[in-house]
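Hi there,

Here is the structure I promised to pass on to you. Please have it open while you read the notes below.

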Amino acid sequence: MARILKNKELENTRLAANYGGWMYCSSCNENIGYLCYSTYDSIHFSYKCACGSEGTVHIDFDDSCQGTKKDAELSVIKNRLCCPTDHEPLMTVLDKKLLSYVLEITCKTCGSTFSKIKKEI
């Protein structure tokens, strides 16, 4: 069943579909990652692309819950960032295409919110 979007804010970013799928930098049209459709509850993602452009993604839904922040790191399974609690795939970030990013994502299944930061070198 399709979810009803509450907030969808994209800056210098486009998605292949309404609230998931492949993510692209609008400035250089490079693929920067993949957002899994059905496993995340909300996402805040800010990044600086290798082309120098900065972009953001903020998506949540009418039925989104306030997530419980967890200090645990996201698991990496077959290049996907996954929930360490239930191993649901949440997102793939193509690190080599991004100079830096800040990710906060909430797992729809367990309601936990996880953060990941990549600092610019």
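What follows is a short tour of what turned up.

First, the ground rules. This is a predicted model, in which local features need pLDDT of at least 70 and side-chain atom pairs count only at pLDDT 80 or more, while totals for chains, interfaces and linings use all residues. Residues are numbered from 1 along each chain as its sequence is written, and side-chain values use heavy atoms, with hydrogens and water left out.

Strands are DSSP runs of E with at least two residues, numbered from the N terminus. In soluble globular proteins, nonpolar side chains tend to be buried together.

Beyond its neighbours within four places in sequence, Met91 is in contact (heavy atoms within 4.5 Å) with Met23, Tyr34, Leu35, Cys36, Ile43, Phe45, Arg80, Leu81, Leu103 and Ile105.

Next, the aromatic side chains. The structure holds six aromatic pairs, counted for rings of Phe, Tyr and Trp (its six-membered ring) whose centres lie within 6.5 Å; planes under 30 degrees apart are stacked, over 60 edge-to-face and the rest tilted. One of the pairs is Tyr19 with Phe61, edge-to-face at 5.1 Å centre to centre and 80° between the planes. Tyr19 is in the loop between strand S2 (13–15) and S3 while Phe61 is in strand S6, so this pair ties together parts that are 42 residues apart in sequence. Both residues are buried, and Tyr19, Tyr40 and Phe61 form one aromatic cluster.

Arg14 lies over the face of Tyr24, 4.3 Å from the ring centre.

How many disulfides are there? The count is zero, with a disulfide taken as two cysteine sulfur atoms within 2.5 Å. For Cys107, the nearest cysteine sulfur is that of Cys83, 3.9 Å away. The sulfur of Cys110 is 3.6 Å from that of Cys83, its closest cysteine sulfur, too far for a bond. Cys107 is buried, at 1% relative accessibility, whereas Cys110 is partly exposed at 30%.

Two loops are worth a visit. Ser53, in the loop between S5 and S6, counts as buried at 11% relative accessibility. Its side chain makes a polar contact with the side chain of Ser27 at 3.0 Å; such a contact is a pair of N or O atoms within 3.5 Å, where within protein one must be able to donate a hydrogen and the other to accept it, and residues adjacent in sequence count only if both atoms are side-chain atoms. His87, in the loop between S9 and S10, has a positive phi near 65° and is partly exposed at 47%.

Best wishes

Notes. Buried < 20%, exposed > 50% of the residue type's maximum accessible area, 1.4 Å probe, protein only. Helix = DSSP H or I, 4+ residues; strand = E, 2+ residues; numbered from the N terminus. Lys NZ or Arg CZ within 6 Å of the ring centre and 35° of its normal.
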